[in-house]
Amino acid sequence: MEKEVKKISIAVIKRLPKYHRYLGELIQKDVEKISSRKLSEMMGLTASQIRQDLNNFGGFGQQGYGYNVKDLYREISKILGLHNKYNFVIIGAGNLGQAIANYHGFSEKGFHLKGIFDINPKIIGMKIHEVQVMDIDKLEEFIYTENIDIAVICVPKENAQEVADRLNKTNIKGIWNFAPVDLKVRKDTVLEQVHLSDSLLTLSYKINEKLLQERQEKIRQRRDIPGHPLKSIKT
């Protein structure tokens, strides 16, 4: 009998790929074990946070020993579902779609690109990463015949929901959306939205915040200089 699936916070889930990546790098360096403290120094987390995160899944370390790197990597791979194999298609063969198609890392993790679709007759028929671009009219049939699990949407904002509506009528399991719009999908379809502009604006905020902090620190330093005009100004 399988254990009941525990509800995990999204913050913890979003850190799991980072654990997986760092542990993979440690394996490449032939590191056999690592403490939560050493792992925290590498990842920029606290040791307590790491222990709390992993305890959500039962905990994998031994007190006084730390974590077996290969065992922990293997367990996190299972938690992420990487023991499964996924077939996916890309819808939209523009610059972004082509960049995703040409990325080699997906197949290494069990994600296999089976098809690319577009409406542009100038693109249909060309090959990207050895996969031929097909007419989008063949999308639904291809999803069924090739047992496609995931659809990657790389079309313009105006066309994204129309594509999602078509996918909603298939047996697709998940949608990875790169169009800058929040899609409506079936309740049983897993949706992951990647808004590149949101990420860029978050970066802009962090840069601006850093600049403001630096200006405030300079003002504080000037106030500490005897006789400086700012010393008499109260905040």
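Which residues does Ser40 touch, not counting those up to four places away in sequence? In this predicted model, the partners of Ser40 are Leu45, Thr46, Ala47 and Ile50. Ser40 itself has its place in helix H2, which runs over residues 36-43. With a relative accessible area of 8%, Ser40 is buried, because buried means under 20%.

The secondary structure of the protein chain comes to 9 helices and 9 strands. Of its 235 residues, 34% are buried. The accessible surface of the chain comes to about 15,800 Å², and carbon and sulfur atoms account for 52% of that surface. Contacts across the sequence were also examined: among those between residues at least 6 apart, 54% join residues at least 24 apart.

An α-helix has 3.6 residues a turn, so residues three or four places apart point the same way.

At its start, a side-chain oxygen of Asn68 comes to within 3.2 Å of the backbone nitrogen of Lys70. After H4 comes Gly81, which has a positive phi, near 80 degrees.

Ser77 counts as buried at 13% relative accessibility. Its side chain makes a polar contact of 2.9 Å with the side chain of His20. When neighbours within four places in sequence are left aside, Ser77 is in contact with His20, Leu82 and His83.

Attention then turned to charged pairs. The structure holds 8 salt bridges, and one of them joins Asp53 and Arg15, with the closest N and O atoms 2.7 Å apart. Asp53 belongs to helix H3 and Arg15 to helix H1, so this pair ties together parts of the chain that are 38 residues apart in sequence. Asp53 is buried, with a relative accessible area of 1%.

Arg166 and Glu140 form another salt bridge, and here too the closest N and O atoms are 2.7 Å apart. This pair links distant parts of the chain, with Arg166 in helix H8 (residues 157-168) and Glu140 in helix H7, 26 residues apart. Arg166 is partly exposed, with a relative accessible area of 21%. Glu140 is also partly exposed, at 22%.

A salt bridge is likewise found between Asp149 and Lys173, whose closest N and O atoms are 2.9 Å apart. Asp149 sits in the loop between H7 and E7, and Lys173 in the loop between H8 and strand E8 (174-177), so the pair ties together parts that are 24 residues apart in sequence. Asp149 is buried, with a relative accessible area of 10%.

The loop between helix H7 (139-145) and strand E7 (150-153) also holds Asn147. Is Asn147 buried or exposed? A relative accessible area of 55% makes Asn147 exposed, because exposed means over 50%. Not counting residues up to four places away in sequence, Asn147 touches Asn87 and Phe142. From C-alpha to C-alpha, Asn147 and Asn171 are 8.8 Å apart in space, while 24 residues separate them in sequence.

Finally, the surface of the model was considered. Leu200, Leu203, Ile207 and Leu211 make a nonpolar surface patch of about 360 Å². Ile207, one of these residues, lies in helix H9, which spans residues 196-223. Its relative accessibility of 46% places Ile207 among the partly exposed residues.

Key. Residues numbered from 1 in each chain as written. Predicted model: local features only at pLDDT ≥ 70, side-chain atom pairs only at ≥ 80, totals over all residues. Heavy atoms only, no water. Polar contact = N/O pair within 3.5 Å; in protein donor to acceptor, adjacent residues only side chain to side chain. Helix = DSSP H or I, 4+ residues; strand = E, 2+ residues; numbered from the N terminus. Patch = residues over 30% accessible without salt bridge, like charges linked within 9 Å, V, L, I, M, F, W, Y side chains within 5 Å. Areas by Shrake-Rupley, 256 points an atom, 1.4 Å probe, with all protein chains shown as cover. Salt bridge = Lys/Arg side-chain N within 4 Å of Asp/Glu carboxyl O. Buried < 20%, exposed > 50% of the residue type's maximum accessible area, 1.4 Å probe, protein only. Contact = heavy atoms within 4.5 Å.
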